[in-house]
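Student: I would like to learn how to read a structure like this one. Please take one feature at a time.

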Amino acid sequence: MRFHGGGFRPGDPTVAPIDPAHPPGGPDIPEYVDVLIVGAGPAGLTLAAQLSRFPSIDTRLIERGDGPLEMGRADGISCRSMEMFLAFGFAHDVMREGYWVNEVAFWNSDPADPSRIERTGRVRDVEEGLSEMPHVILGQARVHDMYLDSMLKSPRRLSPDYGCRFVELEVDESASDHPVAVEVSRDGRTRTVRARHVVGCDGARSDVRRAIGRGLRGDAANKVWGVMDVLAVTDFPDIRMKCLIRSREHGSIVLIPREGGHLVRIYVELDSLGGNERVRDRDIAPDTLIAAANRILNPHALDVKEVAWWSSYEIGQRLAERFDDVDHDPGEGRAPRVFIAGDACHTHSPKAGQGMNVSMGDGFNLGWKLAHVLTGRASPDLLFSYSLERRTVARELIEFDAEWNRALASGGADAGNGREVEHYFVEHARRAAGLSTKYAPSGLTGPDLHQGLAPGFPIGRRFHSAPVTRLCDGRPMHLGHAVEADGRWRLFAFAGEKWEEEFAALMWWLKDEPASPVLRHTPGDGDIDDVIDV
């Protein structure tokens, strides 16, 4: 038996064989690396998991924390992220462990008594046929665990270098190789690592962003929200359903059940801040959140038995001017060498449920592009497309987040019945599912000249999966489930009534004709499916 990538895999078939020509690195960060990733959050882990599948790329991931994330933070996983997890091989683990968001209930003030709430609507969370994958709730720490497991099973056997802090970087414009000198600190010792590329996935206070002179631009709203994961006894009837609750007199709640069937996460609207005031200036405690939640839930009661995790934050929408270290377009200068991703280049409130998802999308977008450039499959100019594509996604998310927060705020223009929240949710369901992204025409997506050949598959959007039957063995399956996160391009051929004659002609052409894209792009010593998988 032979698997793509070489060698029979004994034991666990999900463990990739180690390439003897490119063995994994040792416990210490080498002096020279191809890609140095700073920060083991969602963006950094997605990027690392993608790059770890390429044996010839020496990737290292540094994290200032002492170990993996244990609890708290984000938990909503969109349908699009689930499709991405499928390509990494652990979507079904997430589906098994997570809470599935099937419907959303809407509660608003009772017109006869605004101090009390009543249920005003219930809708499907994801419209029928949008994706075969569900919207899932699972703690960010468990998602991290699955990425870490995927990395350990990769040809690079990659794991983060914990307790290692980024200090500074400098790009040597005259260097033709490993031009980025990075100063890192570990166990009180400082050393320099030289990299071909550096990616800052180190959060909203990103040191990498600071080092390349980028800033976050935008506004910090004056509204404070609290969030808590609680074990509670309650007579609120929709406690096991995602709810958007708005009381005209007391504020709003976003309620999301947690995996396991016991805990529930509650985002609760608190007071407004003064002009120069920050959330840290307030004496906010779990009891503050619990009291506010009970006021909003009236006439129902929330008896909190345990607070597993809590935090408070102020809403702000900020965006970096670029997600890389250049200020020019392709053809006007060198390609980017340093990038930022995730919260390092865009921040917003967590209530849209997109923070972790869009951050992972950043890492997924950049990962295959770096791999193509570093393996010689693409020109370095490909790297310009990362900032162009992902900044547009982040800008649209921030605009959506600002509108969503205004809709949720208790003092909205239609606060009398609150139905605009339900209407807004339904209208923007595709964005919440992570499936509204459409990249503009470019060297990657091409112009829309051929859109008429496939009107159901918009050029620039993600490839929509569908139930199909695989011709070679008659297996019913989902189309998208044939795709792995291995950096290869896919060519799908759909059989018609004369499939024997048509397919034979197509396959012989792909195999033998000089014009065949498979032949033109496959290295002479490579397997036939190394670059384009038919």
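Tutor: We begin with two helices, H1 and H4, which are roughly parallel to each other because their angle falls in the class for that word: under 35 degrees counts as roughly parallel, over 145 as roughly antiparallel, 65 to 115 as roughly perpendicular and the rest as oblique. This is a predicted model, in which local features need pLDDT of at least 70 and side-chain atom pairs count only at pLDDT 80 or more, while totals for chains, interfaces and linings use all residues. Residues are numbered from 1 along each chain as its sequence is written, and side-chain values use heavy atoms, with hydrogens and water left out.

Student: What is the angle between H1 and H4, and how far apart are their axes?

Tutor: Axes are lines fitted to C-alpha atoms, for helices over the stretch in contact, and angles run from 0 to 180 degrees between N-to-C directions. Helices (H or I, at least four residues) and strands (E, at least two) are DSSP runs, numbered from the N terminus. Here H1 (residues 42-51) and H4 (residues 140-152) pack at about 20°, and their axes lie 9 Å apart.

Student: Which residues of H1 and H4 meet?

Tutor: Contact means heavy atoms within 4.5 Å. From H1 come Pro42, Leu45, Thr46, Ala48 and Ala49; from H4 come Gln140, His144, Tyr147, Leu148 and Met151. By class, this contact of H1 with H4 holds seven nonpolar, three polar and no charged residues. Nonpolar covers Ala, Val, Leu, Ile, Met, Phe, Trp, Tyr, Cys and Pro; charged covers Asp, Glu, Lys and Arg; the others, Gly among them, are polar.

Student: How are H8 and H9 oriented to each other, roughly parallel or roughly antiparallel?

Tutor: The axes of H8 (residues 384-408) and H9 (residues 419-427) come within 9 Å and cross at roughly 155°, so H8 and H9 are roughly antiparallel. H8 contributes Phe400, Glu403, Trp404, Ala407 and Leu408 to the contact, and H9 contributes Glu420, Val421, Tyr424 and Phe425. The contact of H8 with H9 has seven nonpolar, no polar and two charged residues.

Student: In what order do the three strands of the open sheet lie?

Tutor: Strands of a sheet pair through backbone hydrogen bonds, either parallel or antiparallel. Two strands count as paired if DSSP finds at least two bridges between them. The order in this open sheet is S3-S7-S4, with antiparallel pairing. S3 (76-77) and S4 (99-100) are the edge strands, each pairing on one side only. S4 pairs with S7 (residues 136-137) over two bridges, and Tyr99 stands opposite Ile137 in S7.

Student: Is Leu158 buried or exposed?

Tutor: Buried means under 20% relative accessible area, exposed over 50%, and partly exposed in between (1.4 Å probe, protein chains only). Leu158, in the loop between H4 and S8, is buried because its relative accessibility is 6%. Leaving out residues up to four places away in sequence, Leu158 touches Ala48, Ser52, Thr59, Arg60, Met151 and Leu152. The C-alpha atoms of Leu158 and Thr59 are 7.8 Å apart, though 99 residues separate them along the chain.

Student: What is the phi of Arg157, and where does Arg157 sit?

Tutor: Phi of Arg157 is near 50°, a positive value in a residue other than glycine. Arg157 sits in the loop between H4 and S8 (161-162) and is partly exposed, at 27% relative accessibility. His178 also has phi near 50°, but His178 is buried, at 10%.
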